[in-house]
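The structure is shown first, and the text follows.

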Number of protein chains: 2
Amino acid sequence: MDEVAQGVAFVDGRFRPVGEARISVLDMALTKGDSTYDVVHVWKGRFYRLDSHLDRFQASMNALRLDPGLTRRQIEDVLHECVSRAGLRDAYVSMTCTRGRTTVPGSRDIRNARNGFYAFAVPFVWITTPEQQEHGASLWISSRPRIAPESVDPAVKNYHWLDIQMAQFEAYDHDAQLVVLRDQSGGITEGAGYNIFAFVDDRWVTPKNGVLGGITRQSVIELLAEDGVALDEGHLSADAVLRATEVVVTSTAGGVMPVTEVNGRPVGSGRPGPHTRRLRDRYWARHGDDRWSTPVRPSRPMQLPEVFD
Amino acid sequence: MDEVAQGVAFVDGRFRPVGEARISVLDMALTKGDSTYDVVHVWKGRFYRLDSHLDRFQASMNALRLDPGLTRRQIEDVLHECVSRAGLRDAYVSMTCTRGRTTVPGSRDIRNARNGFYAFAVPFVWITTPEQQEHGASLWISSRPRIAPESVDPAVKNYHWLDIQMAQFEAYDHDAQLVVLRDQSGGITEGAGYNIFAFVDDRWVTPKNGVLGGITRQSVIELLAEDGVALDEGHLSADAVLRATEVVVTSTAGGVMPVTEVNGRPVGSGRPGPHTRRLRDRYWARHGDDRWSTPVRPSRPMQLPEVFD
């Protein structure tokens, strides 16, 4: 594979192969985890809900007092350009705004930081394997609590994942592929980049608080409403997940993915259920629909602000 | 200033000016905050408690199942070499082990990651200004809770600082330079890279749980024991800090630093007190003592494992 086919990044104001995309070890994105990001995907040459992702990215930057130094239109252009230069039809497209470094020598005052921005498009990422998408993945309910929203707001998409990474190791230790973490009161929150829905007592239940407002999660909520299927957005207990007849996780990196085993026990029949299959089909059908998707533009010359020269 | 005088880094197996030290935007140190680090300092050409820092760094890597691909002796050699190549007499010397990237194409399995290591030496960093060291800094007690130890263990030194960064903005908004965060039950924990001690009711009090086991904190504990001054390692309430007659913060980046204002109110007389001054003097006196410090070695050729070639 040539290096551009592995992905194209925009960093320091230039497009380059993603393998060459690097940032300073002194950027506070590294030394303080101080950044926010978003990930949108391209399917068959079309962005899915790019506007929703750009809205959320802007809200996250506002919450953290970050300024990428680019307009929304310029960010959008950069994302299109990364995908078209990489020649990808199905892509995982990431954008990050970092705190950067202080511009005053010797100063530790984070208000003096010049924020940074980078983005990249790589081949589409699947959280679960093709085999797991067909037959269902196994899920572990971790005993490690998710970082509390009062400390770091999960609705502001962030890279504070050490709790999730350690919970993921715990899941592997129990032969499970996926993991969800609980909140301080024991309610289920979210997993490693995915939200969770459980079908229990004739309705879907998904956690409302302490989670990222996933765009795929939002798509599922809309599809359920269109279908007139009942949904409780609220508290989801571990017991409910263990009693559920269907369970899915939802993510930009894979869409609606069936879970057929929780903590070593089969979910329902142990195979993806009818509600899950319908949701997944309807989710992917949206990707060719002009209401939800927009074609990737061909590569073209760009105007960028001076800071990126 | 020439670029080497701004610092020297070791990254990808090579020494280079710190301004050129960069890591991949795909390293999980960035995309998951999955890394651990330690910082040691050099004062007047001598490392202070390098062994204690290397012990802690190793314990942190063990806790996160990280392997830097270098022996302890090689890490030690790298740190000496960074300082000597930079020509620094007083230095802030950082070492980081990152999760890295999976070595299996398309795999998201973090067990397949090849971990990374980098280090750098830059001129000594002071958390407070010279004026604040002489007259005392102002501190804000934030209402934002520190990330709970059950989610991410603060004793394993990590870059999950968004809670601290947001609390730091809150401190600036209240015209304070320093900040400490509380735990879920309201007890004081730690600040932006520093521990806190308050002198109240004829003894020092410092939080025991939910904090990094700071090496400077440990030095202060030893100095108090040598002097026969009473210390409670346990719970420190906001009320106790507000009633204290002396308050200090402790960090590798500045040592023992006086705080003379808390939430806009003067601490004691509003000037650094006698206990604080004695602690600070005794802390710095240790830096020339062979029991606590070791001279930086001159630059020399190094043997490194093949992975770093």
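Helix 6 of chain B and helix 8 of chain B lie roughly perpendicular to each other, because their axes cross at roughly 110° and angles of 65 to 115 degrees are put in that class. The axes of helix 6 (residues 215-227) of chain B and helix 8 (residues 274-285) of chain B come within 10 Å. The crossing of helix 6 of chain B and helix 8 of chain B is right-handed. On the side of helix 6 of chain B, the contact is made by B:Thr216, B:Ser219, B:Val220, B:Leu223, B:Leu224, B:Glu226 and B:Asp227. Helix 8 of chain B contributes B:Arg278, B:Leu279, B:Arg282 and B:Tyr283. By class, this contact of helix 6 of chain B with helix 8 of chain B has five nonpolar, two polar and four charged residues.

The structure is a predicted model. It scores ipTM 0.95 and pTM 0.96. For chain A, the mean pLDDT is 95, and 98% of the residues reach 70 or more.

| Helix pair | Angle between axes | Distance between axes |
|---|---|---|
| Helix 2 and helix 3 of chain A | about 125° | 11 Å |
| Helix 2 and helix 3 of chain B | about 125° | 11 Å |
| Helix 6 and helix 8 of chain B | roughly 110° | within 10 Å |

In chain B, helix 2 (residues 50-63) packs against helix 3 (residues 72-86) at an angle of about 125°. That angle makes helix 2 of chain B oblique to helix 3 of chain B. Helix 2 of chain B passes helix 3 of chain B in a right-handed crossing. From helix 2 of chain B, the residues B:Leu50, B:Asp51, B:Leu54, B:Asp55, B:Phe57 and B:Met61 take part. They meet B:Arg72, B:Ile75, B:Glu76, B:Leu79 and B:His80 in helix 3 of chain B. The residues of this contact of helix 2 of chain B with helix 3 of chain B divide into six nonpolar, one polar and four charged.

In chain A, helix 2 (residues 50-63) and helix 3 (residues 72-86) pack at about 125°. Helix 2 of chain A is therefore oblique to helix 3 of chain A. The crossing of helix 2 of chain A with helix 3 of chain A is right-handed. The contact joins A:Leu50, A:Asp51, A:Leu54, A:Asp55, A:Phe57 and A:Met61 of helix 2 of chain A to A:Arg72, A:Ile75, A:Glu76, A:Leu79 and A:His80 of helix 3 of chain A. Six nonpolar, one polar and four charged residues make up the contact of helix 2 of chain A with helix 3 of chain A.

Note on methods:
Residues numbered from 1 in each chain as written. Chains lettered and ligands numbered in written order. Predicted model: local features only at pLDDT ≥ 70, side-chain atom pairs only at ≥ 80, totals over all residues. Heavy atoms only, no water. Axes fitted to C-alpha atoms, helices over the stretch in contact; angles between N-to-C directions. Helix = DSSP H or I, 4+ residues; strand = E, 2+ residues; numbered from the N terminus. Parallel < 35°, antiparallel > 145°, perpendicular 65-115°, else oblique. Left-handed = near helix turned anticlockwise from the far one by under 90°. Contact = heavy atoms within 4.5 Å. Nonpolar A, V, L, I, M, F, W, Y, C, P; charged D, E, K, R; others polar. pLDDT = per-residue confidence, 0-100.
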